[in-house]
Amino acid sequence: MNRWILLVLLLTASAFAQNSCLKCHEGIADIRDRDSQMMHKILEVADKAGATGNDCIVCHGGNPNATEKEEAHKGTLAYFKNHKGPKAFYPSPTSPWINQNTCGMCHKEQVDAQWNNLMATEGGKIHGAIWGFGAKEGYNHTYANFDIKNIHKRIGTEAYRKYMQTLSQKEPQGFPKKQIQLPPAPTAEEVEQDPTLSVYTYLRQECLRCHTGGKGRYRRGDYRGIGCAACHIPYSNEGYYEGDDKSIPKNEHGHLLVHSIQSSRDVNVSIHGVHYSGVPVETCTTCHNRGKRIGVSYQGLMETAYQATFDDRGNPQPKLHTKRYLHLQEDIHYTKGMLCQDCHTSNDLHGDGFITGANLGAVEIECQDCHGTTDKYPWELPLGYSDEFAKTPKTGKPRGTAQTLAEYLKKGYVPKDKGDGFLRTARGNPMPHAVRKGNKVVMHLASGKDITLIPLKGLKKEHKLSKEALVAMDQIKAHTDKMECYTCHATWAPQCYGCHVKIDYSGGKQNPDYLAASAHHHNGITGEVHNLKEFLVDGKVTETRSYLRWENPPLGQNGEGRISPVIPGCQVTLTVIGKDGKALLENHIFKLKNVENNGTVAVPKEGVNSIVMSPVNPHTITKKGRSCESCHDSAKALGYGINGGKYFSDQSKTTIVDLMTADKKVLPHKVDEQIPAIPNLKDDYSRFIDENGTQLQTVGNHWKLSQALDNETRAKVDRRGVCMSCHQEMPKGDLAVSLMVHAAKYANVNIDNDMHHTILHKSLLLSAWVQVLGGLLIGMGIMWWWFRRKRRG
């Protein structure tokens with residue numbers, strides 16, 4: 001009680017104390033609402049520092065006693081020299097380069113873990129690019145954006161730490177204990193000696209703009225903060241400031257939308273009279289719009305090469321994240337108002353302090369953690385279910401629910417009513433927003449909305465599952481035991497086939513090195529904020545593609561050992577132009593002989609193409625799953641390519657289009673190649689395994705079990721051509737069938753789709769019973785004969 005009296009006195013004192021920063025920044029929004037616990041803590045620190053009522057200096061530092069801007073934006077209070085707090089003036093106090101002195105005062109666990117988080121290391125992205133350029137590191141995840149190593153203790157419950165220790169031992173290449181900084185971008189002269197070094201130019205100029213250690217690219221949709229502010233401070237797509245601080249320009253790109261923290265359910269942000277809580281999805285898509293594109297896909301956005309549609313002035317669709325989009329079906333969770341943080345846990349987002357090589361190692365949640373299966377509620381499933389990293393489903397004792405939370409989780413939103421306990425992730429951590437209430441689950445969303453869901457077992461008991469759902473999830477156990485839920489329920493996925501990368505070192509071409517710029521920092525402000533021209537390196541990267549698709553993604557086996565959708569990852573087809581303007585590599589695809597296959601798929605003697613198909617959760621979930629035919633009657637789903645890979649001609653040969661004779665002799669002498677050859681690509685980019693079980697491309701490059709479907713699985717899935725089983729005898733291939741066809745005709749039976757289903761269903765039952773009864777009669781006949789013979793003997 002005494003503590004709360006002290007807080008009230010502090011707040012009262014701060015109301016009368018003058019915040020000198022507001023002389024210039026009058027109208028700026030409070031970083032948190034004044035009656036929040038966070039603001040109480042900030043004001044406590046300000047009071048101890050001798051600046052009662054001035055919450056600004058606790059994060060930004062500076063001199064609150066100065067009367068001029070230049071002096072005010074220098075140094076820090078003497079108190080902070082010997083205590084936690086800013087050690088200088090920090091224009092961006094959330095920057096990871098200095099936030100141990102600011103955010104780390106209260107959020108030590110997250111700040112300690114931040115450098116090992118994938119959003120900082122970009123280790124998976126780096127590994128993927130190096131793989132596409134010849135895979136010099138093999139499956140080892142050697143490099144990160146910075147030198148890093150595991151912290152002393154993994155963040156999470158004891159069950160979680162034990163689980164992750166076992167997983168790390170099973171997949172050591174995916175959980176390195178340390179990573180070293182990516183090598184520098186090569187000079188044009190160095191590339192002449194080894195063109196594969198161009199991968200470092202590619203990564204530093206293109207791929208590594210999104211890590212939380214830098215401010216990123218200044219383009220529409222890509223404006224964001226640095227460090228914690230990358231997620232926790234709102235930036236609009238246009239990058240304009242729209243608050244009331246008159247000292248911040250409102251016509252200049254690159255500014256925060258409003259000076260407020262966005263975070264959890266009980267943290268409110270106000271802008272233009274609108275109040276919201278949680279981190280908007282568009283904040284996440286600032287980065288998650290390339291690669292697997294899960295952020296924009298969640299919103300239903302699929303990129304297109306075209307400019308439609310036009311506005312009322314005839315202007316084409318503006319570029320967002322440097323792309324234009326079609327609006328397809330949104331993920332059902334997005335439609336219901338769920339933000340990314342409503343599923344993804346604190347460890348998913350902040351990291352647990354230990355290094356992981358790729359997303360599958362970092363994400364601890366599975367669909368079944370909330371939805372369960374038709375046989376078991378979520379709390380009845382064992383830990384590790386659907387996260388096996390093995391080819392058999394996890395068994396064991398029920399995981400139950402959690403009754404307590406770690407102290408660091410209590411700093412976020414915790415519902416007052418924990419019902420029958422917090423649901424637990426597949427790896428053993430509690431989910432504070434997901435509460436069991438009887439046999440239902442209440443999701444306390446970051447937006448302030450509550451959603452009650454009935455797990456699949458409950459829906460089955462209440463007869464609320466469709467016939468198709470019961471067949472797919474309940475009758476066919478192999479679907480539940482061997483597939484990811486989203487294999488059926490993600491009905492589309494972005495498929496960008498052929499990643500054509502040109503890196504041109506001719507004519508002194510240069511572009512900025514974003515990674516080097518972000519590592520050049522002063523008091524939290526990184527190099528790309530000041531002048532990117534100071535970080536130019538040799539070479540200029542250009543990217544394009546062969547074609548786009550979205551419908552019915554093909555299937556493969558992911559690192560967890562489950563069948564999942566796969567989409568093109570880094571299908572690098574590399575052209576490197578030397579400093580003299582001549583190609584060092586032209587449309588080159590590397591061949592790899594070190595691909596894991598576990599003996600279940602064959603590898604060509606010359607090696608597998610380094611272009612990658614990546615297992616993915618597309619984040620395009622719909623209630624109604626994809627059709628049975630889209631997998632069981634599809635060459636593409638099996639990995640054989642769109643239309644079995646037969647649309648494309650042999651791409652390893654150059655195409656010339658001009659006047660020709662009938663036998664294709666080119667008539668003019670002055671001709672140009674229309675489509676230059678890709679020497680190592682004899683098949684379509686969508687074809688990654690052949691009918692004999694030989695894998696033609698890499699399928700996943702991080703985890704041991706990632707591969708194309710093996711022969712046994714493809715044989716079970718493949719039901720192409722099954723129509724011929726009946727129609728080869730119709731209408732008059734067989735006497736009995738012919739009689740049935742004619743009888744139906746003269747009885748005016750309309751054979752539509754429903755009737756077709758009825759006939760097949762009846763035929764199956766009739767055939768089964770005839771064969772069973774026939775077998776019984778034959779067996780009875782044999783026994784009768786045997787007994788009769790025995791009596792005679």
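Rings of Phe, Tyr and Trp, the last by its six-membered ring, count as a pair if their centres lie within 6.5 Å. The exercises below apply this and other criteria to a predicted model.

**Exercise 1. Ring pairs**

Task: State how many aromatic pairs the structure holds, and classify the geometry of the pair Trp-97 and Trp-115.

Solution. 
- Step 1. The structure holds 15 aromatic pairs.
- Step 2. In the pair of Trp-97 and Trp-115, the ring centres are 4.9 Å apart and the planes stand at 55°, so the pair is tilted.
- Step 3. This pair links distant parts of the chain, 18 residues apart. Trp-97 belongs to the loop between helix H5 (79–82) and helix H6 (108–113), and Trp-115 to the loop between H6 and helix H7 (118–121).
- Step 4. Trp-97 has 19% relative accessibility and counts as buried, because the limit for buried is under 20%. Trp-115, at 22%, is partly exposed.
- Step 5. Ring pairs also bring in Phe-146, which forms a cluster with Trp-97 and Trp-115.

**Exercise 2. A second geometry**

Task: Determine which class the pair of Trp-131 and Tyr-139 belongs to, and whether Trp-131 is buried or exposed.

Solution. 
- Step 1. The ring centres of Trp-131 and Tyr-139 lie 4.9 Å apart.
- Step 2. Their planes stand at 65°, so the pair is edge-to-face; the cut-off for this class is over 60 degrees.
- Step 3. Trp-131 is buried, at 0% relative accessibility. Tyr-139 is buried as well, with a relative accessible area of 11%.

**Exercise 3. Charges over rings**

Task: Find the ring over which the charged end of Arg-209 sits, and do likewise for Arg-562.

Solution. 
- Step 1. The charged end of Arg-209 sits over the ring of Tyr-514, at 5.7 Å from the ring centre.
- Step 2. For Arg-562, the ring is that of Tyr-385, with the charged end 5.1 Å from the centre.

**Exercise 4. A sheet of three strands**

Task: Give the strand order of the open sheet and identify its edge strands.

Solution. 
- Step 1. The three strands follow the order E1-E3-E2, and their pairing is mixed.
- Step 2. Strand E1 (143–144) and strand E2 (148–149) are the edge strands, as each pairs on one side only.
- Step 3. E1 and strand E3 (residues 178–181) run parallel and are joined by two bridges. Ala-144 stands opposite Gln-181 in E3.

**Exercise 5. The largest nonpolar core**

Task: Name the residues that touch the most other members of the largest nonpolar core, and the element that gives it the largest share.

Solution. 
- Step 1. The core has 28 residues, of which Leu-182, Tyr-202, Leu-203 and Leu-574 touch the most other members.
- Step 2. Elements that give two or more residues are helix H8 (123–132), helix H10 (188–193), helix H11 (198–205), strand E12 (492–504) and strand E20 (572–577).
- Step 3. H11 supplies the largest share, four residues.
- Step 4. Eight of the eight residues of H11 are buried, so this helix is largely enclosed by the rest of the structure.
- Step 5. Beyond four places in sequence, the residues touched by Leu-182 include Ile-126, Ile-130, Tyr-143, Ala-144 and Leu-203.
- Step 6. Another core, of 20 residues, lies apart from this one; Ile-42, Ala-46, Leu-256 and Ile-261 are among its members.

**Exercise 6. A loop residue**

Task: Describe where Pro-668 lies and which residues it touches.

Solution. 
- Step 1. Pro-668 lies in the loop between helix H27 (635–638) and strand E24 (697–699).
- Step 2. At 26% relative accessibility, Pro-668 counts as partly exposed.
- Step 3. Not counting residues up to four places away in sequence, Pro-668 touches Asp-658 and Leu-659.

Conventions. Residues are numbered from 1 along each chain as its sequence is written. This is a predicted model: local features need pLDDT of at least 70, side-chain atom pairs count only at pLDDT 80 or more; totals for chains, interfaces and linings use all residues. Side-chain values use heavy atoms; hydrogens and water are left out. Rings of Phe, Tyr and Trp (its six-membered ring) pair if their centres lie within 6.5 Å; planes under 30 degrees apart count as stacked, over 60 as edge-to-face and the rest as tilted. Buried means under 20% relative accessible area, exposed over 50%, partly exposed in between (1.4 Å probe, protein chains only). A charge sits over a ring if NZ of Lys or CZ of Arg is within 6 Å of the ring centre and within 35 degrees of the ring normal. Two strands pair if DSSP finds at least two bridges between them. A nonpolar core is a set of buried Ala, Val, Leu, Ile, Met, Phe, Trp, Tyr and Cys residues joined through side-chain atoms within 4.5 Å. Contact means heavy atoms within 4.5 Å.
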